[in-house]
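Here is a protein model to explore together. Have the sequence and the 3D view ready, and let's walk through a few spots one by one.

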Amino acid sequence: MEERSVEAGEGETVSNKQVVLRDYVNGFPREDNMEVRRKEMKLGVPQGSNAVVVKNLYLSCDPYMRLLMTPNLLNRLLPSYTPDSPITGSGVAKIVDSGNPEFKVGDIVYGTTGWEEYSLITNPQGLFKIQHTDVPLSYYTGILGMPGLTAYAGFYEVCSPKKGEYVFVSAASGAVGQLVGQFAKLMGCYVVGSAGSKEKVDLLKSKFGFDDAFNYKEECDLNAALKRYFPQGIDIYFENVGGKHSMRCSST
């Protein structure tokens, strides 16, 4: 007989903990925009379905998710979240039941899943099986996932860096920026990053190995700051902000 579920047995009903978006968000997200709920869920795919049921192991919290909390901002790329439903994002999960021939019970997968303990994924074509499990699975939400692929392709394929070049990274303490800085150092580049707090600046210099970094909120003139850190000019600018820095004097 085919094994159906390694987690709780075929068809067992569990109390599924979920992070639910209460309503669309205006301005900065607040804790009360979301709430933790429990909802009963059957750990089995519907008869004849192509779906899978997964147990979520690691979830990635990414900046784009804020845009999905407002209707229509990314409608052409990703649908907005539905109020009163669990939010979704990238994650690592384990297959606990499958009606899809591409996935079997026990497979470890990466892709879009729910912010909940268990998820029924009705369209699993976007999932891919993780073949290399000799590294921490959490890496697939970072350096081996979307942030790492973005940093790698953007820096190596688009920027085509050369040893000794001068590299500036904005939002350098973010998931993508801090990887770009480390890739640049491995290439033998000189790297400076900008971030929005003293703690982040210290992190860039003490942990991520940037040659220097500055707090853009303390700079009245971005151009003057860049000339100060790059008197010889910039060869590569890796942009993570989405536009010109929002600069303000520290005295305002």
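Let's begin with Ile 143, which counts as partly exposed because its relative accessibility is 41% (buried means under 20% relative accessible area, exposed over 50%, partly exposed in between, with a 1.4 Å probe and protein chains only). This is a predicted model, where local features need pLDDT of at least 70, side-chain atom pairs count only at pLDDT 80 or more, and totals for chains, interfaces and linings use all residues. Residues are numbered from 1 along each chain as its sequence is written, and side-chain values use heavy atoms, leaving out hydrogens and water.

So where does Ile 143 sit? Look in the loop between strand 8 (128-129) and helix 2 (146-159); helices (H or I, at least four residues) and strands (E, at least two) are DSSP runs, numbered from the N terminus.

Now hop over to Ser 90, in strand 5 (residues 88-98). Is Ser 90 buried or exposed? Ser 90 is buried, because its relative accessible area is 11%. Skip its neighbours within four places in sequence, and Ser 90 still has contacts (heavy atoms within 4.5 Å), including Tyr 58, Leu 59, Tyr 110 and Thr 112.

Last stop: the cysteines. How many disulfides are there? The count comes to zero, where a disulfide is a pair of cysteine sulfur atoms within 2.5 Å. Take Cys 159: the nearest cysteine sulfur belongs to Cys 189 and is 9.6 Å away. Cys 159 is partly exposed, with a relative accessible area of 21%, while Cys 61 is exposed at 64%.
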